[in-house]
Amino acid sequence: MASTAAGTKGQRGRRPRNAPATAETAAEEDSGAGEPTEPHAGTQWLNHDERAAWLANSALMISLPAALDARMQREAELTFFEYMVLSVLSEQPARTLQMSDLAARTAASLSRLSHVAARLEKRELLTRARVPGSGRRTVAVLTEAGYTAVVAAAPGHVAAVREYLIDQLEPHDLAALCRIGTAVAAALERE
């Protein structure tokens, strides 16, 4: 058994030669044909055009943030998410926002945001303060150093967004991209 596992390492989704097909492996191997298999008979499989659109979008969702993150770290010593946190704060009145609202605007969980905020606090780019009154409300406040950092990083970020995305599209593509992003965001918001 150990030799079978070792022999298939790095071959995700492939069954070793001469291994019996289970219902799961048969369904995985047949799923590209577009015909539902017995265990997944209720699944509405993607047609060719839908699958191509999904795969192109998946590459965009995975590759673009990774490229933006690598470039931001190289040029500004910030992660892409850290930049987004500082950027959102820079646009708020008094450069202050409640942590729960900041989490929503950066599409992050409160725990992820708290972890990143602690890191940014150590660098003196933001501070956190409790809001007086009932409940456990906390605000994030962008410091002068944080504002300076985000202003310095913004031109590089915009250049990367243009290079990797905007300049690759035709004007009608921008309208479609905006419509698509709005529709997907609305669907996720309903969840």
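L113 touches F81, V85, M99, L102 and A103, leaving aside residues up to four places away in sequence. The model shown here is predicted.

Now widen the view. The largest nonpolar core has 23 residues. Those with the most contacts inside it include L113, V85 and L102, along with L78 and L120. Several elements give two or more residues to this core: α4 (80-90), α5 (99-105), α6 (110-122), β3 (138-142) and α7 (144-164). Helix α4 gives the most, with 6 residues. In soluble globular proteins, nonpolar side chains tend to be buried together.

Charged side chains come next. Side chains of opposite charge can pair when their charged atoms come close. The count here is 7 salt bridges. Start with E75 and R71, whose side chains meet at 3.2 Å, N to O. These two residues are 4 apart in helix α3, so about one helical turn separates them. R71 also meets E163, at 2.7 Å, N to O. This pair links distant parts of the chain: E163 lies in helix α7 and R71 in helix α3, 92 residues apart. Together, R71, E75 and E163 form a network of salt bridges.

Which of these residues is buried? R71 is, because its relative accessible area is 12%, under the 20% cut-off. E75 is partly exposed at 46%, and E163 is partly exposed at 41%.

Finally, look at the surface. L46, W54, L55, M61 and I62 form a nonpolar patch there, with about 530 Å² of accessible area together. M61 sits in helix α3 (residues 48-76). M61 is partly exposed, at 46% relative accessibility.

Definitions and conventions: Residues numbered from 1 in each chain as written. Predicted model: local features only at pLDDT ≥ 70, side-chain atom pairs only at ≥ 80, totals over all residues. Heavy atoms only, no water. Patch = residues over 30% accessible without salt bridge, like charges linked within 9 Å, V, L, I, M, F, W, Y side chains within 5 Å. Areas by Shrake-Rupley, 256 points an atom, 1.4 Å probe, with all protein chains shown as cover. Salt bridge = Lys/Arg side-chain N within 4 Å of Asp/Glu carboxyl O. Buried < 20%, exposed > 50% of the residue type's maximum accessible area, 1.4 Å probe, protein only. Core = buried A, V, L, I, M, F, W, Y, C linked by side-chain atoms within 4.5 Å. Contact = heavy atoms within 4.5 Å.
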